[in-house]
Amino acid sequence: MAKLYFKYGAMGSSKTANALIAKFNYEERDMTVWLIKPSVDTRDGASKVRSRIGLEAEADIILPEDDIAAVYEKRERADVIIADECQFFTEAQIDQMRYLVDNFDIPVMCFGLRTDFRTKLFPGSRRLFELADSITEIKTICECGSKATVNARLSPDGRVITSGQQIFLGGNDSYIAMCHKCYKKHIENDKNRYTEG
């Protein structure tokens, strides 16, 4: 019985590496993988999925207006669908992946963030929490050694910021994974530093 999987973690938790390792494992068994990613993720090139440790693969691009189930029905069948950066898919697209699991008996593995830099759920992630058969956290740690749960966004001068658009693509220079306690401490320290200075 196929399932819809959601594997989430903070930035730097090796979500993409896990997705690409899963792809390798299926292909090593002569199974076909349909690797997809949302079009908004252009950090490593439009159709490239790349992990911080250097693993990479070509993926099909899904536009916000695309019906994932309809796109799948027009292509060669796959044994599994692996979706990277799934937080950027629309709620309707998560429903379409659920449809593929239920009606084509194909497993769909979604990898992505739970929340944005303001600790608010992404719409795609929220829908996955509502629909996924299996939900797994991929853990990483904060600079203090505690489990990181927050994707803190950094200003160019290194301050933790809490306002701005939900989607802003960036790497280690723009985001850092933190525990909630350190996140709140950074915000308070930065606020004090700039009001006193």
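## Close-up views of a predicted model

**View 1. The open sheet.** Six strands form an open sheet in the order S5-S2-S6-S7-S1-S8, paired in parallel. Strands S5 (60–62) and S8 are the edges; each has a single partner strand, so one side of each lacks a neighbour in the sheet. Neighbouring strands are turned against each other by 20 degrees on average, direction ignored. The model shown here and in the other views is predicted.

**View 2. The S1–S7 pairing.** Five bridges join S1 and S7 in the parallel sense. Within this pairing, Tyr5 stands opposite Met109 of S7. Helix H4 packs on the sheet and touches S1, S7 and S8. The direction of H4 makes about 130 degrees with that of S1.

View 3. Tyr5 belongs to strand S1. Is Tyr5 buried or partly exposed? Its relative accessibility is 24%, so Tyr5 counts as partly exposed; the cut-off for buried is under 20%. Leaving out residues up to four places away in sequence, Tyr5 touches Pro107, Val108, Met109, Cys110 and Ser134. Tyr5 and Pro107 lie 102 residues apart along the chain, yet 7.7 Å separates their C-alpha atoms.

**View 4. The buried side of helix H4.** Helix H4 spans residues 123–131, and its buried residues are Gly124, Ser125, Leu128 and Leu131. Why do they share a side of H4? They lie on the same side because they cover an arc of only 135 degrees around the axis. These buried residues pack against strand S1 (4–8), helix H3 (91–104), strand S7 (108–112) and strand S8 (134–137).

**View 5. The largest nonpolar core.** This core holds 25 residues. Which of them touch the most other members? They are Leu4, Phe89, Met97 and Cys110. At least two core residues come from each of S1, strand S2 (33–38), helix H2 (68–73), strand S6 (80–83), H3, S7 and H4. Helix H3 gives the most, with four residues.

**View 6. The contacts of Cys110.** Neighbours within four places in sequence are left aside here. Cys110 is in contact with Leu4, Tyr5, Phe6 and Lys7, among others. Further contacts of Cys110 are Ala83, Cys86, Met97 and Leu128. Leu4 and Met97 are, with Phe89 and Cys110, the members of the largest core that touch the most others.

Conventions
Residues are numbered from 1 along each chain as its sequence is written. This is a predicted model: local features need pLDDT of at least 70, side-chain atom pairs count only at pLDDT 80 or more; totals for chains, interfaces and linings use all residues. Side-chain values use heavy atoms; hydrogens and water are left out. Buried means under 20% relative accessible area, exposed over 50%, partly exposed in between (1.4 Å probe, protein chains only). The arc is that of the directions from the helix axis to the C-beta atoms. Contact means heavy atoms within 4.5 Å. Two strands pair if DSSP finds at least two bridges between them. Axes are lines fitted to C-alpha atoms, for helices over the stretch in contact, and angles run from 0 to 180 degrees between N-to-C directions. A nonpolar core is a set of buried Ala, Val, Leu, Ile, Met, Phe, Trp, Tyr and Cys residues joined through side-chain atoms within 4.5 Å.
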